[in-house]
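Me: I would like to learn how to read aromatic pairs and a helix in a model of this kind. Could you take me through it step by step?

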Amino acid sequence: MSAIQKNVEATSESYSASFTQGDLALPPAKKYLVLTCMDARIDPARAFGIELGDAHVIRNAGASAVDALRSIVISEQLLGTTEIVLVKHTGCGMLTFKNEDAVGIVQKNLGAEAVSELHQKVPDFLPFPKLEKAVEDDVKFLKASKLVPGSVTISGWVYEVETGKTRRVV
């Protein structure tokens with residue numbers, strides 16, 4: 001067992017020993033979802049004031065609305081969320097490469113067959129060159145989607161990893 005696995009096991013024992021919130025409802029109590037990046041420097045609960053049971057938190061590389069759409073639809077249509085808070089961040093890795101770069105690394109490390117499978121399953125890594133524009137583009141994408149009702153409130157933000165501050169873009 002790896003050190004990480006041992007840590008998960010030990011932390012689970014400690015956490016579950018005093019856990020008292022097993023009766024929380026399945027739908028998020030505050031009826032919103034946060035879409036943010038998977039970056040390890042972001043702690044969504046602390047940075048955005050989310051208590052256990054309050055909201056859905058969807059995380060993926062770059063806080064991509066396109067990549068998160070399936071989860072967004074489930075959150076809204078099956079679990080009743082009515083607001084989306086999209087939060088990208090400074091210093092995001094998605095600002096540092098283009099699709100061709102990522103495909104080249106996959107080919108170098110995993111081979112041509114992996115690239116073929118990649119193109120079938122993940123046609124685009126969805127990198128972006130400008131942070132605020134990417135926030136605006138993803139908010140526009142969500143607002144234009146037939147899968148997101150017009151009644152859903154959507155806002156776009158940037159979290160600053162250097163300061164811990166979050167500022168509204170749109």
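Reply: Let us begin with burial: buried means under 20% relative accessible area, exposed over 50%, and partly exposed in between, with a 1.4 Å probe and protein chains only. This is a predicted model, in which local features need pLDDT of at least 70 and side-chain atom pairs count only at pLDDT 80 or more, while totals for chains, interfaces and linings use all residues. Residues are numbered from 1 along each chain as its sequence is written, and side-chain values use heavy atoms, with hydrogens and water left out.

Me: How is a pair of aromatic rings described, and how many aromatic pairs does the structure hold?

Reply: A pair is described by the distance of the centres and the angle of the planes. Rings of Phe, Tyr and Trp (its six-membered ring) pair if their centres lie within 6.5 Å, and planes under 30 degrees apart count as stacked, over 60 as edge-to-face and the rest as tilted. The structure holds two such pairs. Tyr-15 and Phe-19 form a tilted one, at 5.4 Å centre to centre with 40 degrees between the planes, whereas Phe-48 and Tyr-159 are edge-to-face, at 6.0 Å and 90 degrees.

Me: Are Phe-48 and Tyr-159 buried or exposed?

Reply: Both Phe-48 and Tyr-159 are buried, whereas Tyr-15 is partly exposed at 49% relative accessible area and Phe-19 is partly exposed at 35%.

Me: Which residues of α3 are buried?

Reply: Helices (H or I, at least four residues) are DSSP runs numbered from the N terminus, and in α3 the buried residues are Ala-65, Ala-68, Leu-69, Ile-72, Ser-75 and Glu-76.

How values were computed
Helices (H or I, at least four residues) and strands (E, at least two) are DSSP runs, numbered from the N terminus.
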